[in-house]
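Colleague: Could you take me through this model and tell me what stands behind each label you use? I would like to see the value set beside the cut-off every time.

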Amino acid sequence: MEEILNEIVPPEKLEKFEKKYQQESEEQNVTYKTQFEYAWCLVRSNYGADIKKGIILLENLATRHPKGKRDYIYYLATGHTRIREYTVALKYVRSFLQIEPNNQQVITLEQIIKKKMQRDGMIGVAVAGGAALVIGGILGLEFAMAKK
């Protein structure tokens, strides 16, 4: 399951679907399939800006095309996880599980997101704690210098 979160779309594949999407956009006739394929590539990009663009396209599809909502929700959760928006990703996972409560792939994704939240939370605590120590040390040094 982690593979999907670490999978990076090959640049030539992204370029292929981007060209198709742009061509249909110019013709003002973007199909759901083309928009999904392009968004699917974007959320697997190595760049945060691409992932965010893919998320926007998927959100648009989810509101306009209910037939594909299941896939859109899954890739929205994946995209948000990849840019570390874990709370939003969990919201999509839980929405999906309301539709299919026994979907093992999504249950596993939920577990991965929770682990990442814990790991990143611990890293955040460590960084904040380290920053507090540095600030405390600077203030202590300034206080000692002021007494002299």
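Colleague: Where is Thr81 found, and why is Thr81 called buried or exposed?

Modeller: Thr81 is found in helix α5, where helices (H or I, at least four residues) and strands (E, at least two) are DSSP runs, numbered from the N terminus. Buried means under 20% relative accessible area, exposed over 50%, and partly exposed in between, with a 1.4 Å probe and protein chains only. Thr81 has 3% relative accessibility, so Thr81 counts as buried.

Colleague: Before we go on, what kind of model is this?

Modeller: This is a predicted model: local features need pLDDT of at least 70, side-chain atom pairs count only at pLDDT 80 or more, and totals for chains, interfaces and linings use all residues. Residues are numbered from 1 along each chain as its sequence is written, and side-chain values use heavy atoms, with hydrogens and water left out.

Colleague: Which residues is Thr81 in contact with, leaving aside its neighbours within four places in sequence?

Modeller: Contact means heavy atoms within 4.5 Å. With those neighbours left aside, Thr81 is in contact with Leu5, Tyr86, Ala89, Ile113 and Lys116.

Colleague: What makes α5 roughly antiparallel to α6?

Modeller: The axes of α5 and α6 cross at roughly 155° and come within 8 Å. Axes are lines fitted to C-alpha atoms, for helices over the stretch in contact, and angles run from 0 to 180 degrees between N-to-C directions. Angles under 35 degrees count as roughly parallel, over 145 as roughly antiparallel, 65 to 115 as roughly perpendicular and the rest as oblique. That crossing therefore makes α5 roughly antiparallel to α6.

Colleague: Which residues meet there, and of what classes are they?

Modeller: From α5, residues including Arg70, Tyr74, Ala77 and Thr81 meet residues of α6, among them Tyr86, Ala89, Val93 and Phe96. By class, this contact of α5 with α6 has 11 nonpolar, two polar and one charged residues. Here Ala, Val, Leu, Ile, Met, Phe, Trp, Tyr, Cys and Pro count as nonpolar, Asp, Glu, Lys and Arg as charged, and the others, Gly among them, as polar.

Colleague: How do α3 and α4 pack?

Modeller: Their axes are 8 Å apart, at an angle of about 150°. The contact of α3 with α4 has nine nonpolar, three polar and three charged residues.

Colleague: What makes a set of residues a nonpolar core, and how many residues has the largest one here?

Modeller: A nonpolar core is a set of buried Ala, Val, Leu, Ile, Met, Phe, Trp, Tyr and Cys residues joined through side-chain atoms within 4.5 Å. The largest has 38 residues, and Leu58 and Tyr75 are those with the most contacts inside it. α6 gives the most to this core, with seven residues. Apart from neighbours within four places in sequence, Tyr75 is in contact with Ile4, Phe36, Trp40, Val43 and Leu58.

Colleague: What sets the phi of Gln28 and Arg84 apart?

Modeller: Most residues other than glycine have a negative phi. Gln28 is not a glycine, yet has a positive phi of about 50°, and Arg84, also not a glycine, has one of about 65°.

Colleague: Where do they lie, and how do you know whether they are buried or exposed?

Modeller: Gln28 lies in the loop between α2 and α3, while Arg84 is in the loop between α5 and α6. Gln28 has 76% relative accessibility, so Gln28 counts as exposed. Arg84, at 56%, therefore counts as exposed too.
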